[in-house]
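Student: Could we go through this one together, a topic at a time? I'd like the cut-offs spelled out as we go.

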Amino acid sequence: MPILGHEPDLFPETLLEEGLPAVSDVSWYAMYTLSRREKDLMRRLKAQNIAYYGPMAPTRKRSPAGRVRVSYLPLFTGYVFVCGTPVDRYNAVATGCISKCLDVLDPDELREDLKQIRLLIEKGGDVRPEPKPMVGRPARVISGPMMGAEGTVSQVLSRHRLTVLVTFMQQGASVTVDEADLEFLD
């Protein structure tokens, strides 16, 4: 079976740039999917014009024949973030891909955290999921392609990794950074 190409993990493209629409009943939901159904859910949401973000990170592996293959795997296994009305929430749950739907209490904080995760995926190199909050020093990237990203910097095997946390889930993503590009905040 061939590996599928990269599919959109954000719909619409401007979802993270703008705040919530002026409509009062629009909010964010964290949809916890059934096992390995994140991409299926995103395809169904896009077909219904429901706004979502399911961060996907590229993973390179070598096949038994020696070819390097790139596949896109969910950064937060099982989670897709949906922005919409209660009707959109109902339609998302009705897809049959969802195990649990969680209401997001602070949508602005979630949107800012997801913007930083998106920046790491687009501009960073080796993005890895971090299932637990990392211990380290708070820092901000002041130069380079990830300028503006804030998180916790820890040293792993003589390399510095910047971890950006999604506060709602207490999970994050990390990427290798150059210490010269950092400004420590403590």
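Student: How many aromatic pairs does a search of the whole structure find?

Tutor: The search finds three aromatic pairs, where rings of Phe, Tyr and Trp (its six-membered ring) pair if their centres lie within 6.5 Å, and planes under 30 degrees apart count as stacked, over 60 as edge-to-face and the rest as tilted. Phe-11 and Tyr-52 form a stacked pair, 6.1 Å centre to centre with 25° between the planes. Bear in mind that this is a predicted model, in which local features need pLDDT of at least 70 and side-chain atom pairs count only at pLDDT 80 or more, while totals for chains, interfaces and linings use all residues. Residues are numbered from 1 along each chain as its sequence is written, and side-chain values use heavy atoms, with hydrogens and water left out.

Student: Which parts does the pair of Phe-11 and Tyr-52 tie together?

Tutor: Phe-11 lies in strand S1 (residues 10–11) and Tyr-52 in strand S3, so the pair ties together parts that are 41 residues apart in sequence; helices (H or I, at least four residues) and strands (E, at least two) are DSSP runs, numbered from the N terminus.

Student: Is Phe-11 buried or exposed? And Tyr-52, buried or exposed?

Tutor: Phe-11 is buried, with a relative accessible area of 19%, and Tyr-52 is buried with a value of 1%. Buried means under 20% relative accessible area, exposed over 50%, and partly exposed in between (1.4 Å probe, protein chains only).

Student: Which residues do ring pairs link into a cluster?

Tutor: Tyr-32, Tyr-79 and Phe-81 are linked that way.

Student: What about S6, which residues cover its faces?

Tutor: Tyr-79, Phe-81 and Cys-83 on one side, and Val-80, Val-82 and Gly-84 on the other, are all buried. S6 runs antiparallel to S2, joined by six bridges, and Ser-27 stands opposite Gly-84. S3 also pairs with S6 in the antiparallel sense, over three bridges, with Ala-51 opposite Cys-83; two strands pair if DSSP finds at least two bridges between them.

Student: Switching to the core, which element gives the most to the largest one?

Tutor: The largest nonpolar core has 35 residues, and Trp-28, Leu-75 and Phe-81 are among those with the most contacts inside it. H3 gives the most to this core, with six residues. A nonpolar core is a set of buried Ala, Val, Leu, Ile, Met, Phe, Trp, Tyr and Cys residues joined through side-chain atoms within 4.5 Å. Apart from it lies another core, of 15 residues, among them Tyr-29, Met-42, Val-80 and Ala-92.

Student: How many residues does H3 have?

Tutor: H3 has 17 residues and reaches 24 Å from its first C-alpha to its last, close to the 24 Å expected at 1.5 Å a residue, where the expected span is 1.5 Å times one less than the number of residues.

Student: Last topic: which strands stand at the edges of the open sheet?

Tutor: The open sheet of six strands has the order S8-S12-S11-S10-S9-S13, with antiparallel pairing. Strand S8 (128–130) and strand S13 (182–184) stand at the edges, each with a single partner strand, so one side of each is left without a neighbour in the sheet.
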